[in-house]
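Subject: Structure handover

Hi,

Here is the structure I promised to pass on. Please open it first, then read my notes below.

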Amino acid sequence: MSQLKSMTLPEIGQVMKEMGQPAFRGKQVFTWLHSGVRSYEEMTNLPKALRDCLAEKYPLHIPQVVRKQESKKDGTIKYLWELSDGNCVETVLMRYHYGNTVCISTEVGCRMGCAFCASTLGGLVRKLEPFEMLDQVLFTQIDSGLPISHIVLMGIGEPLDNFDNVMRFLELVNSPDGMNISMRHISLSTCGLVPGIDKLAQKKLQLTLSISLHAPTDEIRNTIMPVNKAYSSEELIAACRRYYEKTGRRISFEYAMINGVNDTPEAAKILLKRLKGLPAHMNLIPLNHVEESPLKPSTRQAVQQFQKLLEDGGIPATVRRTLGSDIDASCGQLRRKYTKENKQ
Ligand code: SAH
């Protein structure tokens, strides 16, 4: 591993040992890295020779802010970061009553191909390294001056398509010697990669698993989410049941309400039948319109009716507030715009 910041505390300890350093240096370096230093020079309690040696062997890559947009309506801040190889990813900071929440990206682009999503339009460029996910949390906190208590893995990319790096990021951000963010304050969202869900279940983490369901049947889901052709909604719901059995954690479903596609009373009834007995929560999200897509958001009336049907049938459902609608805050829109502008 070439980046020290992607290493766990024992791994950094090992590096220090190999450099002939005492054991306590590992913790010092880890703590400095996780406090957001921009150079080894800032690690003032390390000997100068060690700082120089680390700088040469493990150069620090710090993301640069290339765009920052702040919503005048609700204080949501969106960052577009440039990574060391010139690629860009987005992070959104949302201010909820329970705490400041960052929505981070897990990949540069995405290969899942969902019809309503801006992140996937240019395909997958590469997966993010663990430290590149951590840096989004860290530097959003530093730049905004707002303490971050919650994380959602709902930005650009499919977290379960970058499984090992995401697991390592979770371990890092959860570390008591680092940002110490509780697993219970983290949500991981997937479009439905069934083997990944089963692998995650084995880890028995306390995080919230969010499933981007978006449709009641295979017939509808196939038209908007290509992943459904690999893992049908039946297999997906079965995996959710296994996940619940293994972890005891209630599943959260995401459901983007698309006018005339998935928002009928019939769709709500089918969902109730198919999710019967599974402790779940449904997040209804009025579709954020993406320029390149013909899909439109449902009417407010259709959303309310849908919510009522689900609730009456025993599935708690909330309509998510759309934060940052004045700043392209929906997944992938800012990166898309920036990439397009810079190609022209
Ligand atoms: N790849 C993961 C996480 C990233 S997307 C996943 O699919 O879950 C985060 C959430 O935003 C998903 O539920 C996704 O379906 C949703 N989403 C993407 N584009 C959207 C749009 N235009 N309007 C509403 N929700 C959208």
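Which side chain meets that of Lys5 in a salt bridge? The partner is Asp135, with N and O 2.5 Å apart. Keep in mind that this is a predicted model.

The size of an interface is often quoted as the accessible area that is lost when the parts come together. Here, domain 1 and domain 2 bury about 1,200 Å² between them. Carbon and sulfur atoms give 57% of that area. On the domain 1 side, Lys5, Ser6 and His34 lose the most area to domain 2. Together these three account for 50% of what that side buries.

**What holds the contact**

Side chains of opposite charge can pair when their charged atoms come close. Between domain 1 and domain 2 there are 3 salt bridges. Across the same interface, 5 residue pairs are in polar contact, counting pairs with both residues at pLDDT 80 or more.

**Salt bridges elsewhere**

The whole structure has 14 salt bridges. One of them joins Arg51 and Glu41, whose closest N and O atoms are 3.3 Å apart. Arg51 sits in helix H3 (residues 48-57) and Glu41 in the loop between H2 and H3, so this pair ties together parts that are 10 residues apart in sequence.

**The ligand**

How many residues surround the ligand? The count is 19, and the closest are Phe116, Ser189, Ser212, His214 and Asn288.

- Ser212: an N or O atom of the side chain is 2.6 Å from an oxygen atom of the ligand.
- Gly157: a polar backbone atom is 3.0 Å from a nitrogen atom of the ligand.
- Thr190: a backbone N or O atom is 3.4 Å from an oxygen atom of the ligand.

Over to you.

Best wishes

Note on methods: Residues numbered from 1 in each chain as written. Predicted model: local features only at pLDDT ≥ 70, side-chain atom pairs only at ≥ 80, totals over all residues. Heavy atoms only, no water. Buried area = accessible area lost by both parts, 1.4 Å probe. Salt bridge = Lys/Arg side-chain N within 4 Å of Asp/Glu carboxyl O. Polar contact = N/O pair within 3.5 Å; in protein donor to acceptor, adjacent residues only side chain to side chain. Near = heavy atom within 4 Å. Helix = DSSP H or I, 4+ residues; strand = E, 2+ residues; numbered from the N terminus.
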